[in-house]
Amino acid sequence: MAVPKRKMSKARRDKRRANWKLTIPGLVECTQCHEKKMPHRVCPECGYYKGKEVVKAAAE
C-alpha cells in the first residue's frame, strides 16, 4: 500500500479541509403564500407549485 514518506503538517492538512463547510440552502419566496421554500419544489405551506395546487395543504 502507498504510505506517505513525510508527515503532513497540520497547516497543510487544515488548508485542504478549509472548504468542507456547510452552505445555506437557497430559499425562494412562494408566489402563492409568500413563505420561504426550496426552489423547484412544492410549497410545504400551501401545496402549490407553479401556480397550481399539487398537494392538499394540511388543515390547521
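Okay, quick definition to start: helices here are DSSP runs of H or I with at least four residues, strands are E runs of at least two, and both are numbered from the N terminus. With that in hand, Lys50 is found in the loop between β3 (48-49) and β4 (52-53). I'll come back to Lys50.

Some housekeeping. This is a predicted model, where local features need pLDDT of at least 70, side-chain atom pairs count only at pLDDT 80 or more, and totals for chains, interfaces and linings use all residues. Residues are numbered from 1 along each chain as its sequence is written, and side-chain values use heavy atoms, with hydrogens and water left out.

So, the overall picture. The protein has one helix and four strands, and from the N terminus on the order is α-β-β-β-β. The radius of gyration is 23 Å, well over the 10 Å that the globule rule gives for 60 residues, so the protein is more spread out than a compact globule. That radius is taken over C-alpha atoms, and the rule is 2.2 Å times the number of residues to the power 0.38. Along the principal axes, the C-alpha atoms fill a box of roughly 65 × 25 × 25 Å.

How much of the protein is buried? Of the 60 residues, 8% count as buried, where buried means under 20% relative accessible area, exposed means over 50%, and partly exposed is in between, with a 1.4 Å probe and protein chains only. As for contacts (heavy atoms within 4.5 Å), take those between residues at least 6 apart in sequence: 0% of them join residues at least 24 apart.

Now charges, counting Lys and Arg as positive and Asp and Glu as negative, with His and the chain ends not counted. Each charge is placed at NZ of Lys, CZ of Arg, CG of Asp or CD of Glu. There are 16 positive and 6 negative charges, and their mean positions are 25 Å apart.

On to individual residues, going along the chain. Met8 sits in the segment before α1 (10-17). At 44% relative accessibility, Met8 is partly exposed, and leaving aside neighbours within four places in sequence, Met8 is in contact with Arg13 and Arg16.

Next, the loop between β1 (28-29) and β2 (36-37), where we find His34. What is phi of His34 near? The value is near 65°, which is positive in a residue other than glycine. The His34 side chain also has a polar contact of 2.9 Å with the side chain of Glu29. By polar contact I mean a pair of N or O atoms within 3.5 Å; within protein, one must be able to donate a hydrogen and the other to accept it, and residues adjacent in sequence count only if both atoms are side-chain atoms. Val54 is 20 residues from His34 along the chain, and their C-alpha atoms are separated by 17 Å.

Glu35 lies in that loop between β1 and β2 too, and is partly exposed at 40% relative accessible area. Not counting residues up to four places away in sequence, Glu35 touches Val28, Glu29, Cys30 and Glu45. Glu35 and Glu45 are ten residues apart along the chain, with 7.3 Å between their C-alpha atoms.

Then there's Pro44, in the loop between β2 and β3. Pro44 is exposed, with a relative accessible area of 63%. Pro44 and Thr23 are 21 residues apart in sequence and 21 Å apart in space, C-alpha to C-alpha.

And back to Lys50, as promised. Phi of Lys50 is near 55°, a positive value in a residue other than glycine. Is Lys50 buried or exposed? Exposed, at 70% relative accessibility.
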